[in-house]
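Please keep the sequence and the three-dimensional view at hand while reading.

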Protein chains: 2
Amino acid sequence: MEVITGGVTAAKGFLAAATEAGIKYKDRKDMALIVSQVPAVCAGTFTSNVVKAAPVKWDQRVVSEEACAQAIVINAGIANACTGAEGMGYCKQTAESVERVLEIPANQVLVASTGVIGMQLPMEKLDLGIEAMAPNLSDSIENGTEAACAIMTTDTKYKEAAVTFEVDGKTVTVGGMCKGSGMIHPNMCTMLSFVTTDLVISKEMLQEALCENVKDTYNMISVDGDTSTNDTVLLLANGMAGNPKITKKDENYKKFIEALNYVNTTLAKKMAGDGEGATALFETKVIHADTKEHAKRLAKSVICSSLTKAAIFGHDANWGRILCALGYSGVMFDPEKMELFFQGKSGQIQIYKDGIAVDYSEEEATKILSEEEVTVLVDMKMGEAEATAWGCDLTYDYVKINADYRS
Amino acid sequence: MEVITGGVTAAKGFLAAATEAGIKYKDRKDMALIVSQVPAVCAGTFTSNVVKAAPVKWDQRVVSEEACAQAIVINAGIANACTGAEGMGYCKQTAESVERVLEIPANQVLVASTGVIGMQLPMEKLDLGIEAMAPNLSDSIENGTEAACAIMTTDTKYKEAAVTFEVDGKTVTVGGMCKGSGMIHPNMCTMLSFVTTDLVISKEMLQEALCENVKDTYNMISVDGDTSTNDTVLLLANGMAGNPKITKKDENYKKFIEALNYVNTTLAKKMAGDGEGATALFETKVIHADTKEHAKRLAKSVICSSLTKAAIFGHDANWGRILCALGYSGVMFDPEKMELFFQGKSGQIQIYKDGIAVDYSEEEATKILSEEEVTVLVDMKMGEAEATAWGCDLTYDYVKINADYRS
């Protein structure tokens with residue numbers, strides 16, 4: 001597997017474009033279009049929130065009932081959530097607009113929205129946006145990046161990743177882009193992620209690969225514990241790599257999972273590190289847990305703890321809060337047996353052992369906690385299972401952004 | 001039932017004192033002592049955190065194994081959590097110190113600590129503190145209030161409540177004090193609460209009353225979702241009111257539950273409203289839910305949502321976040337059927353109905369959301385169950401307090 005530059009246009013036959021539709025933001029692109037040159041098999045995972053945005057409902061039908069999909073229309077600024085029948089109608093209208101302009105059947109057009117809940121989409125602007133983007137579709141890296149920028153809301157960085165790998169002599173590419181900064185607690189999470197590949201694979205295997213992999217990637221990040229109404233991951237495979245079709249969990253499937261995992265992990269970490277107001281990516285790695293499920297719960301409990309997140313912002317080695325978060329995770333363990341470490345680029349120090357603090361250097365701990373990527377390593381000393389979760393620190397800017405998001 | 005002035009010394013035969021022990025804070029009292037003139041039956045509920053502080057373990061034994069208790073020693077500044085065998089030893093030493101000074105058996109002395117996790121208690125200071133408080137014990141209202149002040153950490157206000165009611169011609173009093181501002185997500189939650197009554201009641205009925213009532217009071221508040229290692233509620237009944245002993249769930253038991261519920265609800269709301277950095281008490285009342293358990297989950301999900309809490313701080317009627325929080329609570333419902341209102345002293349306005357926003361006045365909404373107590377009323381239109389949860393807004397000061405708590 002090789003990491004390459006690019007995103008959603010990295011795989012063969014995927015085109016993208018973006019435009020200033022003027023939906024909510026001014027002086028920036030706020031609409032993106034992804035098109036596959038040929039129909040692609042499609043997999044998706046969606047928010048577990050009972051309150052589902054209209055585009056989530058639209059896409060769920062497409063993914064479950066259609067053999068293929070060929071285009072994705074995304075807008076930023078308005079989430080099209082809690083918008084009733086009118087909002088559902090706008091999903092259909094958007095798809096029909098793509099059909100009219102690009103001759104792709106409306107029932108094979110996916111849609112995604114992110115932004116404020118409760119407002120209706122300005123449909124004329126979306127129609128004009130689709131018309132403006134169609135002639136500019138291109139498979140260039142630049143167009144992929146423009147699309148990644150256009151879907152941002154409170155994100156401060158665009159988020160892309162791509163890799164290639166070999167399947168029976170054919171080069172296969174997996175690339176993707178995502179956005180997500182607040183209301184991030186994917187299960188699934190607004191978190192939107194779009195991954196494309198030219199792999200030849202059955203629809204069943206594609207959906208299985210995605211469902212399995214989101215559990216270890218997107219579902220292991222949290223910015224604020226709020227699971228959005230719009231969370232969507234879409235994975236399109238258009239088969240243009242020409243490899244023998246993957247129809248079972250063989251060696252080639254494993255290679256694909258490895259590539260997909262790299263892209264999804266990279267995108268997920270970029271979201272966590274770019275959490276609203278964040279100054280640091282905060283990783284918690286739990287090792288030697290008794291079960292995988294317990295390792296996940298423990299790791300997520302730490303990265304979700306407001307008190308721990310605030311301590312990370314303060315570069316304060318307040319490890320008692322980490323112990324506390326592990327303790328209320330719902331997992332049973334012996335606090336006297338586990339061990340705790342901080343890790344950063346500048347090194348690793350042990351903090352806790354045998355039920356009490358070890359005699360560590362506060363200065364050294366503060367140095368590690370001042371880095372842009374901070375890792376807490378928790379050794380449960382119980383078994384062989386492990387899991388990693390990613391979050392960010394809790395800052396003044398998180399409050400600022402969210403106390404006044406709508407204005 | 002009549003609400004009266006006072007707290008932990010309101011009920012007959014309960015004395016209190018406080019002192020500057022100099023454990024961590026300077027120029028303030030940081031230690032309190034509560035004593036009953038006669039041995040009292042005792043009930044307690046404690047943190048569900050796997051990582052339990054030493055005083056929690058000490059008190060659990062006293063409550064479950066001893067017929068009576070007669071004193072409680074409380075310190076602020078150091079939590080005596082994650083302190084190993086040394087920390088457990090200090091609980092015993094504290095109790096023995098009370099035995100030496102007041103001739104109360106050490107195994108009937110309860111202890112409670114709140115503050116930083118991981119540090120050891122300075123035992124000489126605690127011993128001196130007990131010696132200093134013993135001669136100052138008094139049943140005056142002032143001494144109760146001094147005790148309530150001495151147990152504060154990041155609290156900005158002391159918290160007391162008391163009521164009287166009649167049982168067969170005898171006046172019974174229930175009074176209490178608590179502290180709690182951060183690491184508050186009682187289940188049980190540091191939240192410490194101490195309630196005293198002169199009621200004559202069996203130990204079994206006292207424990208049952210407390211266990212039932214904490215579910216609707218302390219367990220329905222959250223400041224930051226962090227369930228502390230030290231959460232403790234202790235309830236002492238010394239029988240000095242002289243009523244016929246309550247041994248079953250009769251009318252008198254119901255009267256006691258009503259009084260206990262008032263004291264506990266009042267104390268719990270005071271903690272939520274005084275959450276770290278908070279500018280407002282944020283109440284969510286769910287009505288017409290299908291079950292009580294669902295009503296509770298829905299209400300708690302809203303008051304725990306960081307995004308909603310930040311919107312309350314911003315006086316922003318961002319109701320989509322409330323819908324979102326209801327949706328990820330784990331409770332199934334039809335978003336098209338439920339209704340949403342904001343309530344304040346200045347009135348009530350409807351926000352959401354039939355799956356979309358109603359045409360409400362943003363100005364009026366902002367006015368309600370600018371009050372010191374804001375209520376979200378959620379009408380599920382499903383059944384007859386209801387529940388109320390209490391939290392607070394998320395502010396810059398919450399981050400400030402917790403980014404640098406140890407220094």
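In which helix of chain B do Lys92(B) and Glu96(B) both lie, and how many residues apart are they? Both are found in helix α2 (residues 84–102) of chain B, 4 residues apart, which is about one turn of the helix. Helices here are DSSP runs of H or I with at least four residues, strands are runs of E with at least two, and both are numbered from the N terminus.

## Basis of the report

This is a predicted model, in which local features need pLDDT of at least 70 and side-chain atom pairs count only at pLDDT 80 or more, while totals for chains, interfaces and linings use all residues. Residues are numbered from 1 along each chain as its sequence is written, chains are lettered from A and ligands numbered from 1 in the order in which they are written, and side-chain values use heavy atoms, with hydrogens and water left out.

## Salt bridges

A salt bridge is a side-chain nitrogen of Lys or Arg within 4 Å of a carboxyl oxygen of Asp or Glu. Over all chains, the whole structure holds 28 salt bridges. One of them joins Lys92(B) to Glu96(B), with the closest N and O atoms 3.0 Å apart. Lys92(B) has a relative accessible area of 45% and is partly exposed; Glu96(B), at 34%, also counts as partly exposed. In these terms, buried means under 20% relative accessible area, exposed means over 50%, and partly exposed lies in between (1.4 Å probe, protein chains only).

In chain A, Asp216(A) forms a salt bridge with Lys296(A), the closest N and O atoms being 3.2 Å apart. This pair links distant parts of the chain, since Asp216(A) belongs to helix α5 and Lys296(A) to helix α7 (residues 292–304), 80 residues apart. Asp216(A) is partly exposed at 31%, whereas Lys296(A) is buried at 13%. In chain B, Lys292(B) and Asp216(B) form a salt bridge, with 3.8 Å between the closest N and O atoms. Lys292(B) lies in helix α7 and Asp216(B) in helix α5 of chain B, so this pair ties together parts that are 76 residues apart in sequence.

## The contact between the chains

Contact means heavy atoms within 4.5 Å. Chain B and chain A each give 55 residues to their contact. The area buried between them is about 4300 Å², of which carbon and sulfur atoms give 61%; buried area is the accessible area (1.4 Å probe) that two parts lose on being put together, summed over both. Between the two chains there are 0 salt bridges and 6 residue pairs in polar contact, both residues being at pLDDT 80 or more. A polar contact is a pair of N or O atoms within 3.5 Å; within protein, one must be able to donate a hydrogen and the other to accept it, and residues adjacent in sequence count only if both atoms are side-chain atoms.

On the side of chain B that touches chain A, the elements giving two or more residues are α8 (306–313), α9 (319–327) and α11 (396–403). By class, this side has 27 nonpolar, 19 polar and 9 charged residues. Here Ala, Val, Leu, Ile, Met, Phe, Trp, Tyr, Cys and Pro count as nonpolar, Asp, Glu, Lys and Arg as charged, and the others, Gly among them, as polar.

## Buried and partly exposed sites

In chain A, 8 of the 8 residues of helix α8 (residues 306–313) are buried, so this helix is largely enclosed by the rest of the structure. Just after α8(A), His315(A) takes a positive phi of about 55°.

Ser346(A) lies in the loop between β11 (339–344) and β12 (347–353) of chain A and is partly exposed at 40%. A polar contact of 2.6 Å joins the side chains of Ser346(A) and Glu371(A).
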